[in-house]
Amino acid sequence: MSERSVSRAKQEKRWYTILAPEQFDRQELGETPADEPDQVYDRTVETTLGELTNNASENNTKLTFKVTDVGSDSAYTEFIEHSLTRDYLRSLVRRGASKIEAYVTVLTTDDYRVQIQPVAFTTKKADASQEKAIREQMVAMIEEAAAERTFEELIDSVVEGRLSSGIYGEAKTIYPLRRVEIQKATLEARPEEVAEEEATAVDVDEEDVATDD
């Protein structure tokens with residue numbers, strides 16, 4: 001290919017502005033080039049909460065979005081993951097104290113399946129029964145939060161720190177805590193995917209039912 005042809009091919013690429021979901025005020029996340037709009041679908045972009053809020057103190061929170069719709073010059077995304085940086089989590093660990101983690105998979109009121117990973121840091125070393133009680137408290141409160149919220153509302157409560165603050169307020173009565181964080185929240189399945197899985201499960205169950213001739 002001649003230099004002129006290469007230059008023409010580059011010029012033919014269109015640049016799309018990647019926008020955050022409505023719950024993040026459709027803020028610009030960057031730009032991406034593509035020959036065809038279809039090529040932009042499913043592309044992911046990672047940013048920090050600090051970049052969206054213009055607050056450097058929130059740069060320890062990473063947000064990942066995926067393109068789900070493409071317009072003439074814009075690419076629209078959905079939220080797929082919230083996570084805290086390893087450096088930040090490492091800074092919370094103290095020798096002689098407990099780090100208590102849990103993994104909770106929940107369904108929101110609008111049928112989004114989300115995995116949430118809370119973590120609690122105690123002031124001193126807790127015993128096994130106290131750690132178990134704190135873990136159970138974290139799981140129960142996340143399940144309750146999901147049962148009362150839409151996907152957008154649940155993610156807002158994670159990103160804004162309201163869910164972790166609520167857990168802290170309850171769990172500190174079990175054993176003194178220094179901090180509670182949601183270290184990761186990941187979209188696992190959308191409503192249509194959840195419905196499809198449930199339909200498949202029903203089909204399998206029906207096949208497993210023995211019939212007497």
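**A tour of selected salt bridges**

Select Glu 78, Arg 190 and Glu 193 to begin: a network of salt bridges links these residues. The model on screen is a predicted one.

Stay with Arg 190 and Glu 193. The salt bridge between them has its closest N and O atoms 3.0 Å apart. Is Arg 190 buried or exposed? Arg 190 is buried because its relative accessibility, 19%, falls under the 20% cut-off.

Next, select Arg 162 and Glu 160. These two form a salt bridge, and 2.9 Å separates the closest N and O atoms. Arg 162 has a relative accessible area of 44% and is partly exposed. Glu 160 reaches 52% and therefore counts as exposed, the cut-off being over 50%.

Then go to Arg 26 and Glu 22. Here too there is a salt bridge, with 3.8 Å between the closest N and O atoms. That distance qualifies because the criterion is a nitrogen within 4 Å of a carboxyl oxygen. Arg 26 is partly exposed at 33% relative accessibility, while Glu 22 is exposed at 60%.

Side chains of opposite charge can pair when their charged atoms come close.

For the last stop, select Glu 36, in the loop between strand E2 (28–34) and strand E3 (44–48). Glu 36 is partly exposed, with 47% relative accessibility.

Conventions:
Residues are numbered from 1 along each chain as its sequence is written. This is a predicted model: local features need pLDDT of at least 70, side-chain atom pairs count only at pLDDT 80 or more; totals for chains, interfaces and linings use all residues. Side-chain values use heavy atoms; hydrogens and water are left out. Helices (H or I, at least four residues) and strands (E, at least two) are DSSP runs, numbered from the N terminus. Buried means under 20% relative accessible area, exposed over 50%, partly exposed in between (1.4 Å probe, protein chains only). A salt bridge is a side-chain nitrogen of Lys or Arg within 4 Å of a carboxyl oxygen of Asp or Glu.
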